[in-house]
Amino acid sequence: MDSGDIMLRVMDRERMVRISAARTTALVEEARVRQGTSPTASAALGRALTAAVMMGLDLKDDESITLRINGGGPLGTVLAVAESDGTVRGYVGNPGVDLPEIYRGKLNVGGAVGTEGFLEVIRDMRLRSPFIGRVPLQSGEIAEDLAYYFTLSEQIPSLVSLGVLIAPGGKVEGAGGLFVQAMPGAGDELLRVLEEWVLEAGPISSLVKWDLVRLVETIMGDIPFDILDKREVYFRCRCSPDKVSSIVTALSDEDIQVALASQGCLEIYCNFCGEVYTFGEDETRQLREGAGQR
């Protein structure tokens with residue numbers, strides 16, 4: 001049985017449908033702890049992180065994909081960035097925002113995200129310009145919006161299920177996702193049957209506690225399939241002292257003087273991982289003098 005955070009991608013032997021499944025409980029919990037997100041914010045961020053890392057299965061070396069969602073709701077921007085190595089990072093604009101549940105156990109992610117905006121998918125393939133796909137938000141629940149994106153922008157009819165189960169104390173108890181995507185030539189009947197089996201299986205945030213191969217077997221029923229890819233996934237930020245030092249050298253003298261005068265040091269906060277980098281007055285001066293000599 002598989003354990004930890006993992007992604008699995010399979011295809012039926014007729015090559016008519018592709019299914020991707022992921023368990024992302026640990027990485028979503030790490031994001032929650034690092035950013036101190038409320039239950040509603042944790043659910044929104046967890047769905048975006050899960051979707052991004054699953055889409056990362058298609059990336060080649062050194063490529064990345066970014067999901068950016070802003071529907072004008074109180075959460076602000078929800079952003080997730082996945083790399084080709086199975087890592088992902090992300091943040092929400094207002095991590096403390098929490099709305100009343102729609103009903104017991106149903107967090108109001110759509111209300112927190114809003115629908116007056118867009119879902120953007122940015123693929124950086126290390127070319128001159130990244131590819132950017134953009135669709136209007138349909139519900140703010142993220143899964144439905146992503147399914148709409150796949151169908152409209154990539155012409156891939158898709159069923160998308162994303163879920164984050166939050167325990168009473170706020171901890172992430174389960175998180176994961178499922179993509180069911182039609183390949184060229186797939187019949188409507190096959191997709192209808194698979195959709196029924198997915199709906200009958202139950203919430204994805206509970207199903208990811210299963211072994212993922214067994215989960216796919218349950219969804220596929222008697223349809224034979226091949227495993228195409230299986231890999232572990234992680235939350236990982238790309239910030240580092242060297243990268244943050246380059247930010248310090250790019251700041252204006254006025255901004256630095258204001259920070260030093262008000263708090264005696266310069267603090268740079270990473271939105272992705274919550275790490276705070278502190279630079280004293282002497283260290284800040286040395287960094288800027290060194291940059292000026294290059």
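The model is predicted: local features require pLDDT of at least 70 and side-chain atom pairs pLDDT 80 or more, while totals for chains, interfaces and linings use all residues. Residues are numbered from 1 along each chain as its sequence is written, and side-chain values use heavy atoms, without hydrogens and water.

**View 1. Charged side chains of the chain.** The chain carries 29 positive and 43 negative side chains. The centres of these two sets lie 2 Å apart, each charge being placed at NZ of Lys, CZ of Arg, CG of Asp or CD of Glu.

**View 2. Secondary structure and extent.** Ten helices and 13 strands make up the secondary structure of the chain; these are DSSP runs numbered from the N terminus (helices: H or I, at least four residues; strands: E, at least two). The C-alpha trace spans about 70 × 45 × 40 Å along its principal axes.

View 3. Contacts are heavy atoms within 4.5 Å. Among contacts between residues at least 6 apart in sequence, 63% join residues at least 24 apart.

**View 4. Surroundings of Thr-284.** Thr-284 is placed in helix H10, residues 281-293. Thr-284 counts as buried because its relative accessibility is 2%. Leaving aside residues up to four places away in sequence, Thr-284 touches Val-248, Ile-256, Leu-266 and Phe-279.

Technical notes:
Lys and Arg count as positive and Asp and Glu as negative; His and the chain ends are not counted. Buried means under 20% relative accessible area, exposed over 50%, partly exposed in between (1.4 Å probe, protein chains only).
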